[in-house]
Structure formats: C-alpha cells, structure tokens
Amino acid sequence: MKKASAMIAMALFTLTPMAAQTPKLFKADKSQKVTFQGRQVDIINRTKVSTPMTGTMTGSALTPMKKVVKKAGQTITEFELINEDFSKLTAGSADAPDTDHLLCSMYGEPGTYIDNALTNQPGWWGDNAFAAGGQIALFQRSEAVGGCINTPLGDYSGDITVTFRCKPIGDYKSTLVFCNILKDIENPYWTDCDNPYTQMVLYPDNGWVKVTMTARNLSADNDGFVQINCYGGMLIDDVQITSQPNFIANPKVLVPTAFKDTEFTANWQPVRLAYNYYLNLYKKVYTADAGLDLNIDFEDGTLPEGWATTAEGGASFAETDGADGTKGLKMMPGEEVTTIDVNAPYNTAGFYFKLVVPEGMSDEEMDNLKANAKLSLRAKQDGVWKDLGNFNANAFLEGRVVDMGEATYGMFSGIYSCMEMTLTDVPEGVYGVLDNFYVTTDRPYTMEAVYAAGKGRKGSYYDRTEETSYTFTDLDPLGEYFYNVRAHYQSLYSDENTIYEAFGVAAPELLPATDIDQRGGYTANWGEAPKATRYQITNYGVTTIESDGTYKLLDEGFDKIDATVTDAIDPLSGKALGNSAASSLSQYTNMPGWEGYSNMLAQGYMGCEQMGYSAPYIKTPQLYLANGKQLVLTLRAVGYAGSVLTVSDGVKRYEVDFEPDETGNTGYVEGTFIMDVNADMESLIFYDSYGYPFALDYVSVEQELKAGNKVFTMLDTQQTTSDINSYRFSGLDQYDFLKFAYTVQSFLDRDNNIAKSDMTDFMIVDLVNGTSASCVSATGLANTFNGESNVVARYSTSGTMLKAPVKGLNIVKYADGSVKKVMVK
C-alpha cells in the first residue's frame with residue numbers, strides 16, 4: 001500500500017488485509033493493542049465528560065437535581081436549589097490557591113468535572129478552577145478564554161435568585177465577571193429568561209463583593225445550569241440559588257418513540273415542581289383538497305374573503321395608485337390590514353406597496369417622512385403573532401415589490417400562516433397602497449381535539465399522568481397527530497399554546513422469504529406500514545461463532561483506494577469527490593455500507609475536506625454488536641496538529657487530539673478505543689471537531705464473542721417505494737455464507753423531514769435447506785443479555801434505540817405496554 005512520506009516515518013501496525021471482497025470474521029491479534037488518551041462526551045445527558053479513554057467509559061458524573069414535593073398542609077414560598085460554600089476545598093488558601101492541582105479542565109486532565117467528594121452537592125464542573133482554602137479560585141486560560149465554574153445540571157425554572165461572593169486575585173488590573181443562566185449543555189445558549197446574565201468589573205482594591213442576580217426563568221430544561229466565569233483572577237464562595245414557585249414552566253418535550261400502526265409514545269423531561277402532567281391530543285383535519293394559490297389585485301373594489309382591516313368605515317381603495325396605475329387597497333396611518341389565515345403556513349408571499357404623498361409637501365416634512373415612516377409587519381406562527389420587523393417606508397415612494405422570502409433571508413416559507421401590515425409615523429395626508437398580493441400555501445387544515453372514553457375530561461384535556469411519558473393508543477393509522485404536555489403544581493398550570501407533532505412511522509410486519517435458491521438468491525417480503533413512503537431492506541451474512549475469542553467485525557485499511565483511483569498521496573490534500581450531501585463510499589471499501597459527506601481520497605486513505613460551516617464526516621457500515629457490552633476500536637488517522645478527532649456512535653461521542661509530529665504542523669491519532677455498546681446496531685461516525693481536513697488510514701472494530709453467538713454482517717442495502725413490499729437479493733454465491741438474513745425499516749418523508757421506524761426482527765434465510773424463520777429481535781437479544789426480560793425497548797432522549805441502560809434519562813418500554821422514564825445513575 002502506497003503511503004505519504006509523513007506517515008511512513010511513523011511506527012505503524014502491520015496489517016493483514018481482508019481476503020477478496022467477502023466480509024469475514026476472524027480472531028483478532030491482541031498483541032497489537034495500544035491504549036491512548038481521549039475524552040468522552042455523553043450525548044444522552046448533554047454533559048461533557050473528560051476522562052482517560054482507558055477501560056470502560058463512564059457516563060456523566062452529574063446527579064440531576066432532586067424533585068421537591070410539598071408535604072400535606074405545607075406552604076412553600078421558596079425552594080433552595082444550590083447552597084455551596086466550598087468548605088471541602090481545603091487545599092491552598094485565599095492568598096495562595098493550590099495552582100499545582102487543577103480541579104477541572106475542559107482541555108485535558110483531570111477532566112471537566114470536579115471530584116464529588118470535594119463539594120457539598122455533586123456535579124460541579126468547569127474549567128481552570130483551583131482549591132483556595134474553603135473557596136474556589138478561577139483564572140482566565142488566555143485573553144480569549146476565561147475560567148468558569150458551573151452548577152450541577154438541573155431544572156432552574158421559576159423566579160430565581162442567584163447570590164455569590166467574589167474577590168479579585170492575581171496580578172490583573174481588573175477582572176470581568178459574568179453570571180449566566182444557560183440551558184442545554186450541548187448547545188449552551190441563554191435560557192428563556194427575562195434577565196439571562198449579569199456582568200461587572202472588579203478591581204484589586206474591591207475586596208469581597210456580594211453579587212445578587214434575579215431572573216424569571218421559563219425553561220425547565222433538566223440540562224440547565226448557572227455559570228460564573230471571569231477574565232482575570234477571582235475567588236468564588238457561598239453560591240446560593242433559590243426559586244420561588246410563582247409559576248410553573250413547560251416541560252422540555254423529547255422525541256416521540258415506539259411508533260406502531262395505532263399508537264405512539266410522547267416523552268418529556270420532568271419538571272422539578274410538577275405533581276403531574278396534563279396531555280392534549282389533536283388530529284390534523286384537512287379542510288380542502290389543495291392549498292391556496294392566490295394573486296389579489298383588488299380590481300373588484302372589495303376586501304377579499306378572510307381579510308380584515310381596522311379602517312373606520314371599512315376598506316377603501318385608491319383608483320390609480322396601485323401597480324401600473326391600477327386600483328389598490330388604501331392603507332391610512334395606524335390602520336391594520338390582516339391577510340387570510342387558512343391554518344396552513346404560507347409557502348410564498350409577496351406584494352406591491354406604494355407610499356403616496358400629497359403635492360406641496362415641504363422639504364422638512366419630506367425629510368421627517370424619510371427618517372421615520374415605517375411599514376410594520378407581523379406574522380402568525382402556531383397561533384402566536386410574531387414581529388417580523390419594519391420596512392423604511394422611504395423605500396416605497398416610487399412603489400416597490402416585496403418578496404417575503406427574500407425580505408426575511410429565507411426564514412419565511414413554511415413558518416407563518418397569516419400577515420398583518422401597519423403604516424406608522426407618517427405626516428398627515430400620506431397613505432399607503434397595497435396591491436398584487438400573492439400567496440401559496442399547503443393544504444389548509446384545522447386541529448381537532450381528540451378525546452378517549454374513560455380518560456381525561458372532554459373539552460379540557462385528554463389524560464393526565466405522574467410519569468414523564470405517555471402512550472396514546474387506538475389512533476387512526478393514517479392520521480397526523482399533535483400533542484402538548486402541561487405541568488401542574490398546586491393551582492398552577494404551564495402554558496398550553498405550544499404543540500408538537502408526533503412525526504414517526506411504524507415498522508412493517510416482517511414476512512418469510514420466498515423463492516429461496518441454493519444458487520444464491522431469495523426474495524425478502526414484508527407487510528404494509530401505514531404512512532410509509534419507502535422501505536429500506538438490508539441483507540446480512542449470518543455467522544455462528546464456533547469458539548470463544550476476540551473477533552474483528554470490521555477491518556478496513558482502504559486498500560482499494562490505490563493508484564488506479566487517484567494520483568494523490570498526501571492524505572490532507574486528496575482527490576475531492578464533490579459529494580455535497582451524504583452519499584455511499586462503498587466502492588472504495590472492502591465492506592459495503594460506508595457513507596460520508598464532502599470526502600476526499602488519497603492512496604490508502606479516506607478523508608474529509610475542510611468545511612468551516614459544517615463538519616464533513618465518514619460513517620462505517622452498521623455493525624451488529626448485541627453480543628457484548630463493549631467494542632474495541634483500533635484507529636489510525638492524520639489531521640492538523642492541535643485539532644480534535646471526534647468518534648460518535650449516535651449516543652456518545654469520544655474526542656482525541658491529533659498529536660503533532662516533529663514539524664508541529666501535521667497531527668496523528670494512533671491507538672485503541674475501548675467503547676461501551678449502546679445499541680444493537682451501531683455505525684461509528686468520524687469527523688474533525690473544528691471542520692479541518694483529516695483522513696482515516698485504518699479502522700477496525702473487535703468484540704469478545706462466545707461460542708454460539710450469531711453475528712450479522714451487512715452485505716447490501718436497498719430501497720423500494722411504498723407500493724412495493726418485496727425485494728430479491730441475488731448473486732449471494734459470491735459470499736462465504738450459508739445463511740443470510742434481512743431486516744426492513746419504514747421511512748416517512750414529508751416537507752423535507754425524514755422519520756424512520758425501528759428495525760424489524762431478523763428474518764434468517766437458509767439457502768441450503770430452503771427455509772426462513774424470524775429470529776428474536778436485536779432488542780430482545782440485548783434485553784436477555786442484560787437480564788431485563790420484561791423490557792422490550794429502551795431509547796435515549798433523542799429517540800435512539802439503546803442496547804443497554806445508559807447514564808442519564810432512559811425511555812423504557814416494558815412487555816405490558818407501559819413506558820417509563822428511568823434515571824440511570
């Protein structure tokens with residue numbers, strides 16, 4: 001295999017490529033294993049964990065905030081959420097912090113989280129913090145990166161008060177202090193809050209300063225936290241956070257799961273104060289066979305049906321001030337004109353508008369008009385009016401056409417269902433004229449409330465529960481359903497305006513194979529899944545393990561990328577494939593099923609181009625991992641020195657630095673990941689965390705297997721349209737398998753959104769005997785393996801099916817049909 005000179009200089013493993021084109025299992029050579037350091041990010045808990053990548057990867061060290069329940073007859077006016085005096089941080093002193101021992105770091109050892117033994121409440125985390133004799137010391141890491149300390153993740157909703165003491169330290173002329181209320185650690189934006197942050201500047205002679213911050217926090221996100229950070233140096237002590245129960249926030253709604261023909265399960269995070277939750281269910285009922293396609297020119301001198309105006313005496317019209325001297329709708333200052341609302345978002349919309357000024361207007365009046373006159377626009381989104389902004393009316397003195405898509409920079413189509421226009425701040429005698437209003441929409445509809453006998457209260461709510469998930473049953477298989485969840489505490493109920501679509505599709509019924517041919521072919525069959533727009537059928541080779549040992553499930557050295565494919569030998573300047581969307585890479589690999597985006601090739605390497613606004617990736621085939629709790633990933637890659645390679649399985653992600661070579665410019669990753677298995681079928685995704693180019697040199701996945709284990713090796717994936725319920729696999733005699741298997745997934749495509757069902761069981765096909773039989777589902781195998789015989793499915797909060805319990809919130813479905821949200825510690 002031809003390699004670039006920079007890689008030849010490295011001490012690399014000696015590889016034995018897989019024979020021919022047949023994916024095979026063989027025992028791994030354990031003597032080649034090397035362990036390297038890396039970081040894990042737990043996507044389930046949205047919490048960043050920095051730990052050595054050695055042995056079993058652990059989840060978040062954080063303990064979620066406990067729910068406080070009012071006792072009978074007790075009146076609670078304030079809840080204490082945080083009370084931390086850092087008294088356990090005995091090392092160092094206020095004058096001389098223990099700067100030899102980092103408490104936490106987001107850039108390496110000892111990891112992001114502070115040892116729980118060093119705080120009164122577990123789960124504190126941050127960066128560049130040190131013990132200071134009963135206080136905690138923060139120092140900026142650089143001019144651009146400050147030090148920070150973060151509270152444990154939890155629900156910080158309510159009218160909250162944050163207090164802490166701080167004191168500047170170190171040789172800094174000043175220290176800039178921030179206190180932020182943030183939500184969702186994976187995307188740490190300010191929370192839904194009237195006052196999400198405060199800041200102040202401290203000087204060396206200030207001494208101890210008490211900071212108090214109050215805010216109304218509307219977010220009950222369980223991944224919320226309060227961050228104190230500084231640019232300079234600062235001591236922190238006596239952090240207290242309290243919440244007053246003057247209102248209750250909406251729960252954070254999670255991805256719905258467990259779709260079947262007539263049911264689905266709604267999931268949400270717990271709200272700290274909630275006694276229980278009230279649910280409403282709605283069905284979308286279409287009121288027309290097609291959407292609107294209107295162009296209104298007002299030539300008939302009437303206001304169109306469905307429009308409204310606040311003009312005194314009703315609508316009036318300008319005979320010759322419309323487009324091209326035609327009639328148009330007159331808009332006097334302050335009058336509101338509202339367009340038609342058919343309960344369907346506008347796909348396109350636009351209009352002609354002209355500002356008409358009287359003759360003889362003075363220069364001063366004209367200057368005032370140009371400076372102040374506005375055409376204000378609002379639009380309705382999910383029943384709530386939103387301000388879109390103002391046009392400077394000066395732009396309409398000669399008449400002008402407005403396209404709403406262009407005016408909102410592409411943030412209009414499919415979002416808003418109605419518009420309101422108002423002309424303001426114009427001198428007397430000035431008016432506007434609206435003409436040639438055009439609009440197209442999808443099919444109009446109405447939301448019809450659904451109720452069930454014996455549940456809830458008709459006209460009020462569908463049902464209520466104390467759990468954090470609920471399964472809606474007995475639904476129309478073809479219906480489009482929406483729902484909302486309200487939290488309840490004493491006499492308080494959260495807002496019910498926000499509704500969520502139950503967007504998903506059921507898996508089809510798996511049927512036996514037919515036309516089984518010993519010469520290498522069979523026909524896969526399945527039943528119809530309501531709402532499915534297409535099906536994906538995957539063919540596997542089936543291997544029964546004969547003896548205990550470590551086996552390679554994937555072994556890829558990218559040997560097929562040779563001089564016949566590309567002249568490029570520099571892995572970071574390879575031949576670009578030009579694939580601007582996810583596409584198959586199987587023609588360049590030994591095992592089919594690889595895919596990627598924005599990829600490039602060099603001899604012996606598969607890589608990704610640099611892309612500043614997104615992260616190009618390489619994705620392995622789906623691997624069957626239900627036989628064990630761990631996998632071993634052996635990896636060699638090249639990238640930019642100092643950048644970070646991320647490996648994700650869709651549930652957790654792992655990060656490892658590209659270590660620089662002697663030049664300091666090129667970086668390398670070489671070693672072994674030991675990773676938890678989180679789902680029966682997993683693909684590993686590789687990307688550079690900063691969007692820099694990188695290339696994979698070698699990837700293998702191993703697993704400890706026992707005699708009798710079945711392994712399913714993916715060979716081929718095909719798709720059919722929704723009206724086809726069979727597919728014939730042929731040419732199977734090229735593989736060294738006597739048994740094959742297939743699975744089927746349903747897909748639902750709508751409005752640029754895609755949902756896919758859970759995977760069906762495996763249907764095993766014996767070519768020799770000409771028989772087929774359904775094998776226990778991958779989920780069933782996993783639950784038996786883990787001793788959870790009453791669990792039939794387990795999901796992450798993002799809707800990914802899990803193989804085993806994962807730290808954080810797990811959505812668990814049991815054999816009796818019940819679904820519960822379980823916190824795994």
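Two strands are taken to pair if DSSP finds at least two bridges between them. In this predicted model, strand 20 and strand 23 meet that criterion, because 2 bridges join them and at least two are required. The two strands run antiparallel, and within this pair A308 stands opposite T338 in strand 23.

The pair belongs to a wider arrangement. An open sheet is formed by 5 strands in the order 20-23-28-25-26, with antiparallel pairing. Its edges are strand 20 (308-309) and strand 26 (384-392); each has a single partner strand, so one side of each is left without a neighbour in the sheet.

The loop between strand 23 (336-338) and strand 24 (346-356) contains N343. Most residues other than glycine have a negative phi. N343, although not a glycine, has a positive phi of about 60°. N343 counts as partly exposed because its relative accessibility is 39%, a value that falls between the 20% and 50% limits.

A second residue shows a positive phi: D474, also not a glycine, has a value of about 55°. D474 is found in the loop between strand 32 (469-472) and strand 33 (481-489). With a relative accessible area of 72%, D474 is exposed, the threshold for that class being over 50%.

The interior may be considered next. In soluble globular proteins, nonpolar side chains tend to be buried together. The largest nonpolar core here has 61 residues, and F164, I236, F264 and F472 touch the most other members. Strand 33 gives the most to this core, with 5 residues. A second, separate core of 38 residues includes V337, V342, L375 and A379.

The surroundings of F264 can be described in detail. Leaving aside residues up to four places away in sequence, F264 touches P256, T257, A258, F259, L281, Y470, T471, F472, L475, Y481, Y483 and A502.

The structure holds 6 cavities of 30 Å³ or more, and the largest cavity has a volume of about 130 Å³. Its lining comprises 17 residues, of which F259, K260, D261, P477 and K531 lie nearest the centre of the cavity. Strand 16 (257-260) and strand 17 (263-267) are the elements that give two or more residues to this lining. By class, the lining of the largest cavity has 9 nonpolar, 3 polar and 5 charged residues.

Note on methods. Residues are numbered from 1 along each chain as its sequence is written. This is a predicted model: local features need pLDDT of at least 70, side-chain atom pairs count only at pLDDT 80 or more; totals for chains, interfaces and linings use all residues. Side-chain values use heavy atoms; hydrogens and water are left out. Helices (H or I, at least four residues) and strands (E, at least two) are DSSP runs, numbered from the N terminus. Buried means under 20% relative accessible area, exposed over 50%, partly exposed in between (1.4 Å probe, protein chains only). A nonpolar core is a set of buried Ala, Val, Leu, Ile, Met, Phe, Trp, Tyr and Cys residues joined through side-chain atoms within 4.5 Å. Contact means heavy atoms within 4.5 Å. On a 1 Å grid over the protein atoms alone, a cavity is a set of points where a 1.4 Å probe fits but cannot get out, and a pocket is an open set with protein on both sides within 12 Å along at least five of seven lines; lining residues have an atom within 4 Å of a point. Grid points are joined across faces, edges and corners, and a volume is the space filled by probe spheres set on the points. Ala, Val, Leu, Ile, Met, Phe, Trp, Tyr, Cys and Pro count as nonpolar, Asp, Glu, Lys and Arg as charged, and the others, Gly among them, as polar.
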